[in-house]
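Here is a protein chain to explore. Please look it over before reading on.

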Amino acid sequence: MTINAPLKYSDPLYQAAHDEAFSKPLFEKIETVLPPNVSREDFDLALKQLIVALGEDAVFTGEGLKEYVDPYEIPESGHGRNVPSAAVCPSSVPELQALLKVVNEHKIPVWTFSRGKNLGYGGPAPRVSGCLALDLHRMNRIIEVNEKFSYAVVEPGVTFGDLYEYCANNKLKVWPSTASLGWGSVIGNTLDRGMGFIPTGLHHENVAGMEVVLANGDVVRTGQFAMSNSPSAHMTKLTFGPTIDGLFLQSNLGIVTKMGINLTPQPRAYMACSFDVPEFEHIETIVDVFGELRRNGTLPYMVYVFYIAEWATMFGKHSEWWKGEGPIPDWRLKEMQEDLDTGIWTVKFGLYGPTEVIKAQFDEVQRVVAKDAPVGRLRQALFTGENGGLLEATSVSPLYGGIRVGIPSMWNIPMVNYYNLRNDSVGAHGAYSPIVPLDGKTVLEWARVAKGICAEQGFDFLCDFFMHERYAIFVTMLCFDKTSSEQRTGVDKVFHRLFEEGSRRGFAKYRAHINHMDLNAELFDFNNHAYRRFVETLKVNPNGVLSPGKMGIWPQRLKHLRQLN
């Protein structure tokens, strides 16, 4: 058993960013916490058994837990601190099964995560203090990358950066999708319904075949992967009988240890496209025009939209853009459009494939925009492979490529420092990210409301949204200096006001911070919360040891810990 935190990354860029995220906690001391309803004697015995099963270097206590708390915690939120009792890092399925045998024997709950980089939503911290932090980062094998059928099979510890480097180093003709930050787990992000930007960027819809360890240690595989000899194990999610893959998304019903995920075949060409508008109200035009292009197939992949204040976070701090009190005023935002050569709202999307097909798609976009959105500016940059061959992602200028051609980075990390004023300020963020119908008037009305709520507490409106065919994930980023009690209190008020107003309109977050999971789950209230009651009656976690309270799903013996504020 060790008190030193484990090294998380072989890549020095990611390890440095990880160290920075956890280097300046609000509270230096890691308090000793026991698992709920477990005695000190039983817990000590369990730790000894875990050391025998996994090795002394896989079990962490005391100061070794400093990287298993929420680095962006807000003590003023009214919630107690979320601290694990210990942490364990299994390296294989047999080690995971041995661990589950011990925790079931002592009824010690675990909180499972792949890399713990869901920052802004709690990171690696447990929903219930005293849970054992079950850290899967050492299960980091890339089991297979199939070039012909464009898929990969990975374990939970594989990052977007790892998968990209593997494909690049082996000169495979595939582009893996990546989330905004490359340090995250492919599996972890996918299970939390995270998103990327290339054709296979809707990660959870591109899963094909999972391996899942259940609470009792049994191992189940899904889809064609459930056959021991299927050549189609990771080519489709089709199965025989009920499809169960979805039970393990945002879930505490099992621990995903392997997953097949589709990759994008390396294209011959890529066109980076943007469209921007000068006025706030033009968001209505954007949503209706580009929403229709999404639905009719002209734009088959993710369309991303951002507000100028959020874009500005990448180029300077709030105090550098605005010297006055409160949020940046509209007249200054108008000036910033010139400074940043962008609109008040900007749309970005990519087209991928044969050059002539891409050109035809863009011609149709151009025709529609000229007719239905003449207030905006449409621009494009086309990149093609040499001599008609496949396009190398690294040949695309970072200004147009990067995550949009599957190259992971840490490009938007500066955003968290937006409100830092002093040398000892420490940036942090949260988010309110509801699902909103892709209707122009609805989105405009919500943007006005959200902007006003942020302004009430002196914050800029930092937002972006991801346009699917019929809905948007509308993310209001809540950046703050975590050393400022005023900003911590203010951002907590902003979140709850956004949640109140969103809920009144029938909006729910697509994922939630650990302290808001019960709050969000409560919104799914049809027939006395029949959905939640159904999931909680599935008998796959009888001792309630897997991630109690995750997404508002509780085992019977710990339901008294549910919190709705």
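The paragraphs below go from a sheet to ring pairs and then to charged pairs.

This is a predicted model, in which local features need pLDDT of at least 70, side-chain atom pairs count only at pLDDT 80 or more, and totals for chains, interfaces and linings use all residues. Residues are numbered from 1 along each chain as its sequence is written, and side-chain values use heavy atoms, leaving out hydrogens and water.

Five strands form an open sheet in the order 5-6-10-8-9, with antiparallel pairing. Strands are DSSP runs of E with at least two residues; helices are runs of H or I with at least four; both are numbered from the N terminus. Two strands pair if DSSP finds at least two bridges between them. Strand 5 (142-146) and strand 9 (219-221) are the edge strands, each pairing on one side only. On average, neighbouring strands of this sheet are turned by 10 degrees against each other, direction ignored. Strand 6 (residues 151-154) pairs with strand 10 (residues 255-262) in the antiparallel sense, over four bridges. Valine 154 has methionine 259 in strand 10 as its bridge partner.

Helix 4 (residues 160-169) lies across strand 5 and strand 6 and runs at about 50 degrees to strand 5. Axes here are lines fitted to C-alpha atoms, for helices over the stretch in contact (heavy atoms within 4.5 Å). Angles run from 0 to 180 degrees between N-to-C directions.

Now turn to the rings. The structure holds 30 aromatic pairs. Rings of Phe, Tyr and Trp (its six-membered ring) pair if their centres lie within 6.5 Å; planes under 30 degrees apart count as stacked, over 60 as edge-to-face and the rest as tilted. Tryptophan 446 and phenylalanine 507 form an edge-to-face pair, at 5.6 Å centre to centre and 85 degrees between the planes. Tryptophan 446 lies in helix 11 (residues 440-456) and phenylalanine 507 in the loop between helix 12 (485-504) and helix 13 (517-521), so this pair ties together parts 61 residues apart in sequence. Both tryptophan 446 and phenylalanine 507 are buried. Buried means under 20% relative accessible area, exposed over 50%, and partly exposed in between (1.4 Å probe, protein chains only).

Why does the pair of phenylalanine 461 and phenylalanine 474 count as stacked? Their ring centres are 6.4 Å apart and their planes at 20 degrees, so the pair is stacked. Phenylalanine 461 and phenylalanine 474 are buried. Elsewhere, ring pairs link Trp175, Tyr270, Tyr301, Tyr352, Phe383 and Tyr400 into a cluster.

Charges meet rings too. Lysine 117 lies over the face of tryptophan 183, at 5.2 Å from the ring centre. Such a charge has NZ of Lys or CZ of Arg within 6 Å of the ring centre and within 35 degrees of the ring normal.

Last come the charged pairs. Side chains of opposite charge can pair when their charged atoms come close. The structure holds 34 salt bridges, each a side-chain nitrogen of Lys or Arg within 4 Å of a carboxyl oxygen of Asp or Glu. One joins aspartate 44 to arginine 40, with the closest N and O atoms 2.9 Å apart. Both residues lie in helix 2 (residues 40-54), four residues apart, about one turn of the helix. Arginine 332 and aspartate 339 also form a salt bridge (3.3 Å, N to O). Arginine 332 is buried, at 14% relative accessible area, whereas aspartate 339 is partly exposed, at 47%.
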